[in-house]
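Visitor: I would like to learn how to read a hairpin and the strands around it. Could you take me through one case with care?

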Amino acid sequence: MSINYFILPKLSLGLGITWNRFTKALIEQEVKKTDNITMVDSIQTKRIMNIKKADSNFVLSYFQAIFETQFEWERFSAGARYSFGLQPYLKFRLSGIEKREEKNNALQLFIRYKLWDSRKK
């Protein structure tokens, strides 16, 4: 959900919030073995796993904030949208390191063309 406001006749700014729901993910898992003499890591096993629930480190749902701007010119419009996580979607712990969290963010640039306009001019 977002709210956009025209600050000029052709330029709008907006902000909003998005709710995301986790359904499944593909992850890659590697098991490494270190040779204590040469200190070289070698991969013992490597597999791709399909996770369908939040039984791992993924959360079931999280929110993102959205900032958007758009400029209209005749039938064209161009803009940018930036969204960033308000909550982490992934919580994990690396061996020997404190707990970590990952939040996602995205920058989208777009150009649109209006095929028809039902408003009377």
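Guide: Let us begin at the turn: in the hairpin of E5 and E6, which has 2 residues between the strands, Glu74 takes a positive phi near 50°. Helices (H or I, at least four residues) and strands (E, at least two) are DSSP runs, numbered from the N terminus. This is a predicted model, in which local features need pLDDT of at least 70 and side-chain atom pairs count only at pLDDT 80 or more, while totals for chains, interfaces and linings use all residues. Residues are numbered from 1 along each chain as its sequence is written, and side-chain values use heavy atoms, with hydrogens and water left out.

Visitor: Is Glu74 buried or exposed?

Guide: Buried means under 20% relative accessible area, exposed over 50%, and partly exposed in between (1.4 Å probe, protein chains only). Glu74, placed in the loop between E5 and E6, has 63% relative accessibility and therefore counts as exposed; its phi is positive although Glu74 is not a glycine.

Visitor: In which sense do E5 and E6 pair, and over how many bridges?

Guide: Two strands pair if DSSP finds at least two bridges between them. Strand E5 (residues 61–73) and strand E6 (residues 76–85) are antiparallel, with 10 bridges, and Ala65 has Phe84 in E6 as its bridge partner.

Visitor: Which residue in E9 is the bridge partner of Ser83?

Guide: That partner is Ala106, and E6 pairs with strand E9 (residues 105–113) in the antiparallel sense over 9 bridges.
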